[in-house]
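Student: Can we go through this structure together? I'd like to start with the helices.

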Amino acid sequence: MSFRILQCVAALSFGGAFFPSTLSATPSDPIFSQIQPLAASSLILDIANVGKGLVAVGERGHALVYDGSWHQVATPVSSQLTKVFFLNDKLGWAVGHDATILHTQDGGQTWQQQMHSPEIEKPFLDVVFLDENNGIAIGAYGLFYRTNDGGAHWSDEFHEELLAEEDVSYLAELKDSDQSAYVSARASLLPHFNRILTLTDGRLLLVGELGLVAVSGDKGSTFARTSFDYDGSMFNAIETKDAVYVMGLRGHIFKADVSLSQWNEIELPVQSSINGAMSVSDDAVYLVGNAGIVIKLNEDDTSSIVTRRQGENLVSIAKDNQGNMWLSGSQGLFILKP
Amino acid sequence: MLEKLVNGFESFLFRNRVWVVGIFVFLTLFLGYQASQLKMDAAFIKNIPLHHSYMQTYLKHQKDFGGANSIMVAVEDTSGNIFNANYFDTLKNVHDQLFFIPGVDRAQVKSIFSPSTRFTEVVEDGFAGGPVIPADFSTTVSGLETVRDNIEKAGIVGRLIANDYSAAMVSAQLMDFDPQTGKPLDTIAFAAQLEKELRGKFETDKVKIHIIGFAKMAGDVADGAKGVLLFFVIAIFITAVMVYLFSKSIILTVLPLVCSLTAVVWQLGLLTVIGFGLDPMSILVPFLVFAIGVSHGVQMINAVRRRVMDGQTTKAAAASAFRSLLVPGGVALLSDTVGFITLLSIDIGIIRELAISASLGVGVIIFTNLILLPLVISFTEIKVDKHAEPTAEEVRTEAIWRFLARFATPKYAVVVIIATVVLYFAGLQQANQMKIGDLQGGAPALHQDSRYNLDTFFITDHFSITTDVMTVIVEAAPEACTYHDVLTQIDEFEWLVRNTPGVESTVSLASVAKKVNAGFNEGNPRWEVLPRTTASLVQAIGQIPTTSGLLNGDCSVMPVYLFMKDHKAETIETVVAKVKAVAAKMDNDKLQFKLASGPVGVMAATNEAVAEAQLPMMLYVYGAVFVLCLISFKSFKATVAVIIPLYVVSTLAQALMTQLDIGLAVSTLPVIALGVGIGVDYGIYILSTMSSKLSNGMPVQQAYYEALVERGSAVIFTGLTLAIGVSTWFFSALKFQMDMGILLTFMFVVNMLGAIIILPALAAVFWRQPK
């Protein structure tokens, strides 16, 4: 235990240069994640492939590294981590609640804090890096932060273009009449941004609450909504060989070609929210979601339930270099039994 | 002085013997009537160490959280599938019936039929939900299908519905006191009602009823305890045969038995007089009283018989026997009594009751068997063949005494002492591994294959329910649950304790609030956090009713439930230690984490109380025996010679417990004290005969031989009688009686052996012959 803490302290001092000005923590916050034997069976929200291994993140600031077995590594926060993104074998970022952004330079073994702002009272829900300098972190109520220096500095952006029309005029009114109401309205009018994905052609796809499906051709400076008829939340998106899928609330999943001009709904045999997706072959995608469902979705839009794990929610799916399919969710990490 | 007193007492009693016997008859009639009013009585509260800090916490919050006295009724469909009309009708009836049984806290009856069992689901525009059993429920195929869907949405599979849908649960909390009469709940009557109103009415070929909970267990224990009556009859019969073989006189067989039974009647009558009931735990006391009574009675008839053989009249013989036995018998019985009274120092109601009823019982033996018996004998005419030539049997017996007397020679003494030392250390090594607490699953009082334990195993197998729950109570300021930092600390505590070997799962307001918050955010697991915004936090907490048992009315108290792998002492100790360590770090003036409630919380307190009581209890028992021996022998050497064998035997008894997997528990703790208290009798009888001879300068071997001739057969006989009486418990329906029976049998027999083998060896060393 004491060894782990030492490791944390070392990691912190190493990452000292990256401390952003926004760093703060209320006194009651336990600063570090706790290394505990059951971390791998706690709520795990994302798994990423890193080199030959995997890295997973989840509740209580848990980060775990897989190299034949899972072991927990220290992080400088105890906030829930929602997503983890790796640019290459070494460089990665994890984001989460309390507007937390963590960074690793050694494939997930040690983590440094780049941002932690509980006072914003919003979580980051996804992060993407286009190269080692340029990255975007998104989250609840249109939370949108950008960095141009690998995360040393993060600055927020307000994507007004994604507001509903009536909200645009409402905000304009407030801006002139009541500055403080304007600030608080601005902080809550945008929908949750749930997922941001770089498409193979370099465009960025952003999905979120209230049927938000938007695309950006300028590295996220501006987004344009695509024509999308469903107004439930979209939680995830995935690009396959020649299609893009967005998926979310109550088993809703939509498919479009790369032009993203028209979304067609695919019927799934479930009514549970879809949280995670992974291409398993050229012609099939595995979907995981609430109520413990794992669904195989074929290119021809047919689908079948692979398994249904009662009483738990599944959030993420990833394949290790042995070919094992790892699932994560409310019961932690485990291999999908064929 | 003492002798004068005894003589005066004797002449007074024997001169007024008609009156005295008359008074005894009158008292026996009175107490006999009282005894007939005696009720079985088993209250939950008596089984727990009330003053232990855990139990203080338990009692403090019992009103809000029910505590540990609950009842679970699993209704099983033997086809393995509950979704049929017949089953649902039965389940509803069981729910309603349980609701109306007096003693049930109606607000806390829970099943899928209770209105508070609801489901919620996330839809595009928010939540949808309702009771699991809709208002328009009918047992049609579609109606059952709807219920099935609702059950899955409500997330109650494993709790109210079996994991394999083969059964459903109806649970209720019991009230310790009847709110109308204010009287304590009659647990045994309640259990009988469960049996009659639930199992009797609703169990069929298709539907099976499994009932568990303290009240049911107490009822089953009481039923098992009734079987003890049969053992009592058997014990009386065997004893009668043995006494006859010993005395070869019908009168001398009947009288000690009658006097001993009189003692039992007095003891039971006195229980009613002082307002006690008969607890299944202390039902063994009448056995002990009877057996101890007989053993003293045998000493008495033995003494009378010897004197009659020496040519005295029966009356003179009785008076003389009274004179010679009042002091050693009195001391022996007093030390028994004191041995039992030491049990009062243990803070568990049931053990105190045992202490009181046993010391009463042994106390009355002084009157019935040391006073009444010789008086009654004096009215009879005992005929003994006076013959000059010893019979073949007497020759045989004498050979045995000669053989035993060798243990009092230095040569044999050394061998015996070395053997004793070896045995002692071997025993000590085992005794140190003695486990605390209950070692088996289910209800430890009952056998593993009893109906109750089979029901327990059914429920733990088919539901994600364990009866092995310990609750840590979080005490904070009113409205504490609306503060993010308070809930965060509870969440942190819960997680750290969850990471303890032996803890299978946990639940608290914090962990449920996180799930509710995810629910408010479209069921998205990425929102399974405690929201920092007070409004969101309050919204989440607001969904959790106080009936969930996760918070009290003003949320100043929030329990953390720990579901444990089992209730073995080591498991409990590990978890308790972890809870204490985490609590010590996290406690502050805003909130404290306090042990403990729930069945395992009670066990933790009981185990600690039992473990703590063990040493003081032993010290008191031995202290009392020491002082009494010192007073009666006026010799330090004699006292030590009596106590060492006792101590070796106690250690061996503990080693036996380790060997037989019998844990030190509420039921077995008193056995050691009882064993010592009764075991000392043998030594006292033998040594009291020896000590006067020794102080007159008689060699040890001769003194011991003469003691054997005078009292040896009575001592051996006593040991066997006591052992046979309690060994019938081996067949008891109650596991704890079986354990007690085994241990007491062992202690009685081995203490007797100690008194006739180790004691003379020690005497040989202590009173070495002057060269």
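This is a predicted model: local features need pLDDT of at least 70, side-chain atom pairs count only at pLDDT 80 or more; totals for chains, interfaces and linings use all residues.

Tutor: Helices are DSSP runs (H or I, at least four residues), numbered from the N terminus, and strands are E runs of at least two.

Student: At roughly what angle do the axes of α14 and α24 of chain B cross?

Tutor: Roughly 120°, and the axes come within 8 Å. Axes are lines fitted to C-alpha atoms, for helices over the stretch in contact, with angles from 0 to 180 degrees between N-to-C directions. So α14(B) is oblique to α24(B). Under 35 degrees is roughly parallel, over 145 roughly antiparallel, 65 to 115 roughly perpendicular, and the rest oblique.

Student: Which residues of α14(B) meet α24(B)?

Tutor: Among them are B:Y412, B:V416 and B:I417. In contact means C-beta atoms, placed from the backbone, within 7 Å.

Student: New topic. Where is A:P37?

Tutor: A:P37 sits in the loop between α1 (2-14) and β1 (44-50) of chain A.

Student: Is A:P37 buried or exposed?

Tutor: Exposed, because A:P37 has 11 C-beta neighbours inside 10 Å. The cut-offs are 12 or fewer for exposed, 20 or more for buried, and partly exposed in between.

Student: How many residues of chain A are in contact with chain B?

Tutor: 29, and they touch 18 residues of chain B.

Student: How do I read the numbering?

Tutor: Residues count from 1 along each chain as its sequence is written, and chains are lettered from A and ligands numbered from 1 in the order written. Local features need pLDDT of at least 70, side-chain atom pairs count only at pLDDT 80 or more, and totals for chains, interfaces and linings use all residues.

Definitions and conventions. Two residues are in contact if their C-beta atoms, placed from the backbone, lie within 7 Å.
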